[in-house]
Amino acid sequence: MRIQLNMNNLIDDIGVLTGTEGEGNEAMKVTATQNTGKARKLYIESYGCQMNFSDSEIVASILQKEGFDTTSEIEEADLVFLNTCSIREKAEQTVRNRLNHINGLKKKKPEMMVGVLGCMAERLKTKLLEEEKIVDLVAGPDAYRDLPQLILQVDEGDKAVNTFLSREETYADISPVRLNSNGITAFISIMRGCDNMCSFCVVPFTRGRERSRDPHSIVAEAKDLFEKGYREVTLLGQNVDSYKWSEVENNKARLEKNQISEVVNFAHLLEMVAQVHPDLRVRFSTSHPKDITDEVLHTMARYDNICKYIHLPVQSGNSRILELMNRGYSREWYLDRVAKIREILGTECGISSDMITGFCTETEEEHLDTLTLMNLVEYDYSYMFFYSERPGTLAAKKWADDIPLDVKKRRLDEIIKKQNELSLKRNRMDVGKVQQVLIEGTSKRSTEHLQGRNSANKVVIFPKENKMKGQYVHVLIESCTGGTLIGKIVNQ
Ligand code: SAH
Ligand code: SF4
Ligand code: F3S
């Protein structure tokens, strides 16, 4: 069974990531395990964030159990599923263009079933069937267990829709089929949904209420991955700092056996996963500036295998704009959190951000506040976007999208330029240092070189000698670009 997954890892053409080799939006092909040659074939393409990508692994698992084969060739597919993103208008436009292309394929193969999954499915619901005639099936992020049923419905000649949002679903018991796996690094979803209601953001509407997954199922998944040879897990959630699992509500028996404290917060969970094995690196994303605790920072400091890297999106450097964005913190609060990170984890800890330019009513001075904040924090890299109004959000209801596109774009260019300077500056600080690197594979640019990441999540390239992926090595950093560190293996 071969599965192709096209991943646009949080990057569409509006957003710009400066930084590392190895991130990107190219298609990824993966060899998986089963092709009976008899069953119908599924093809899945994923857009948007890493959580969507992880969900595609759940979908593949559910349908594999139902006996479907999978294919990397869209032309061969009997079912074509697009797992979609709504975060910016451009993300939705990309999917609509793709549906247009698939329309051409369907003309040649009318029995081909076309499904839209994920956030766009959830946002548009049955409207999607009216707007995109080619679509047969619409399934929101909490409806994937129902897919076999929905497929049956389409087989019987109907259109099928399930966009029910759950307060409980975490797919905790479903073991994901690892789709784009390098066999070394994997993502583990620890929670779903978001309760934050940032005024620009569509996610609370497309993903529903926040809920945390049973910590024991998370630890079991991490153990299983380690036994299979994986050496790094990334714990995923829209706001990992609000992870909360109450044993009282969920598993009285285990509590009575005294196997666990009453409430598991994110710091506890991080510790539980770090204890799986000292050779299993632990990362996490996304941290929220209003919720990240000193307890989390101290837990990071206590464990060598918890990577010293925090994705801490600021969105804007101006307190008035942050208030309009309903982010729950001010510029001062954010800078104080960064100071705490530096105090507890030192200057080497990587910090990255997301930023939006041209939010409603943003003045030139307020935009400059973002640039000065960037200077103060010295981000290692950032994902940068200009504001895209999303229907139904608080901002869309309350304020006009009043910053002209050319101004939004010019401001975006300015923060990108600033970030490029800072990335280079931060990378230069690593030159001359010896860093531990987990090897992820051969460098994309040269078969004679390997590539991996240091603790701070930066890509490091070095001559391969006799080393292999999955191994830890010490690398002396000799030079750098804005996106990559270059060095050689040294014995320690
Ligand atoms: N939960 C994460 C963000 C998830 S969405 C957090 O709170 O940080 C990823 C990023 O997309 C956001 O951080 C934001 O920078 C950007 N984004 C979200 N909505 C957007 C919009 N309407 N226009 C432009 N960028 C947006
Ligand atoms: Fe969106 Fe805010 Fe939730 Fe992040 S925290 S997903 S930006 S509402
Ligand atoms: Fe996009 Fe949904 Fe993720 S809107 S960014 S795929 S949560």
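A residue is termed buried under 20% relative accessible area, exposed over 50%, and partly exposed in between, with a 1.4 Å probe and protein chains only. Tyr171, at a relative accessible area of 1%, is therefore buried. The model is predicted: local features need pLDDT of at least 70, side-chain atom pairs count only at pLDDT 80 or more, and totals for chains, interfaces and linings use all residues. Residues are numbered from 1 along each chain as its sequence is written, chains are lettered from A and ligands numbered from 1 in the order in which they are written, and side-chain values use heavy atoms, with hydrogens and water left out.

The protein has 492 residues, of which 59% count as buried. Its secondary structure comes to 16 helices and 24 strands; these are DSSP runs (helices H or I, at least four residues; strands E, at least two), numbered from the N terminus. Contact means heavy atoms within 4.5 Å. Among contacts between residues at least 6 apart in sequence, 74% join residues at least 24 apart.

A nonpolar core is a set of buried Ala, Val, Leu, Ile, Met, Phe, Trp, Tyr and Cys residues joined through side-chain atoms within 4.5 Å. The largest such core holds 69 residues; Leu235, Phe266 and Ile310 touch the most other members. Helix 10 (residues 266-274) gives the most to this core, with six residues. Another core, of 23 residues, lies apart from it and includes Ala77, Ile102, Leu105 and Leu124. Leaving aside residues up to four places away in sequence, Phe266 touches Ile190, Leu235, Val240, Asp241, Tyr243, Phe284 and Val296.

Eight aromatic pairs are present. Rings of Phe, Tyr and Trp (its six-membered ring) pair if their centres lie within 6.5 Å; planes under 30 degrees apart count as stacked, over 60 as edge-to-face and the rest as tilted. Tyr144 and Tyr171 are stacked, at 6.1 Å centre to centre and 15° between the planes. This pair links distant parts of the chain, 27 residues apart: Tyr144 lies in the loop between strand 8 (137-139) and helix 5 (147-155), Tyr171 in the loop between strand 9 (160-162) and strand 10 (185-189). Tyr144 is buried, at 0% relative accessibility.

Phe200 and Phe359 form an edge-to-face pair, at 6.3 Å centre to centre and 80° between the planes. The two residues are 159 residues apart. Phe200 is buried at 11% relative accessibility, and Phe359 is buried at 0%. Ring pairs link Phe200, Phe359, Tyr387 and Trp399 into a cluster.
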